[in-house]
Amino acid sequence: MNYVKLDLPKIPKDLILPLNEVLELENIFGGKSKNYTIHECQPELREYLQKLFPDCTKFRYQTLTKDIPIHVDRGREFAINYIINTGGDNVETCWYKEKTSQNPIDTAIFPKEEWYKLSVDTHHTVRNITDWRFAITVC
């Protein structure tokens, strides 16, 4: 299995910035994409997350507006994600044996406001996005 649900509390809503405010923050994504952004969490949220994940150092918001290509994340084996807005009714995270595969070896639909640890050193994508997908990612 390429993911596991974590038994952790929901993030208090008052610590999560609205999507429009997050999009005004600097996009620190190093790749080339019009469909994906990544932004540092503000200090109050970072402080809250650091207590949950004392061994982690990166606490970021991420947004997706459309499906993204099959890829492997650079510089990390796993991500811990908390979905704020799913991005649609049937948005799937899919894992593949290789980049050119057509058939996933594993799929998951993650509900909002739950924590999941995902394998990101395996080829994967997010598909069926019809609205803003908004999440917090920790690593």
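Reader: Which strands each supply at least two residues of the lining of the largest pocket?

Author: Heads-up: this is a predicted model, where local features need pLDDT of at least 70, side-chain atom pairs count only at pLDDT 80 or more, and totals for chains, interfaces and linings use all residues. Numbering starts from 1 along each chain as its sequence is written, and side-chain values use heavy atoms, leaving out hydrogens and water. Strands are DSSP runs (E, at least two residues), numbered from the N terminus. The ones you want are β2 (36-40), β3 (59-64), β4 (78-85), β8 (123-127) and β9 (133-138).

Reader: How much space lies in that largest pocket?

Author: A pocket here is an open set of points on a 1 Å grid over the protein atoms alone, fitting a 1.4 Å probe, with protein on both sides within 12 Å along at least five of seven lines. Points are joined across faces, edges and corners, and the volume is the space filled by probe spheres set on them. For the largest pocket that comes to about 840 Å³.

Reader: And which lining residues are closest to its centre?

Author: Lining residues have an atom within 4 Å of a point. The largest pocket has 33 of them. Closest to the centre are F29, Y36, H71, D73 and R76.

Reader: Which side chain does the side chain of Q62 make a polar contact with?

Author: Q62 lies in strand β3 and is buried because its relative accessibility is 8% (buried is under 20%, exposed over 50%, partly exposed in between, using a 1.4 Å probe and protein chains only). Its contacts (heavy atoms within 4.5 Å) beyond four places in sequence include N81, R133 and F134. A polar contact is a pair of N or O atoms within 3.5 Å; within protein, one must be able to donate a hydrogen and the other to accept it, and residues adjacent in sequence count only if both atoms are side-chain atoms. At 3.0 Å, the partner is Y36.

Reader: Is E92 buried or exposed?

Author: E92 lies in strand β5 (residues 92-96). Among its contacts beyond four places in sequence are T107, V126 and R127. With a relative accessible area of 15%, E92 is buried.

Reader: How many disulfides does a search of the whole structure find?

Author: The test is a pair of cysteine sulfur atoms within 2.5 Å. C56 has C139 as its closest cysteine sulfur, but 7.1 Å is too far for a bond. C41 is in no disulfide either, as its nearest cysteine sulfur, in C139, is 11 Å away. The total is zero.

Reader: Where does N128 sit, given its positive phi?

Author: Most residues other than glycine have a negative phi. N128 is not a glycine, but its phi is about 75 degrees. At 31% relative accessibility it counts as partly exposed, and its place is the loop between β8 and β9.

Key
Helices (H or I, at least four residues) and strands (E, at least two) are DSSP runs, numbered from the N terminus.
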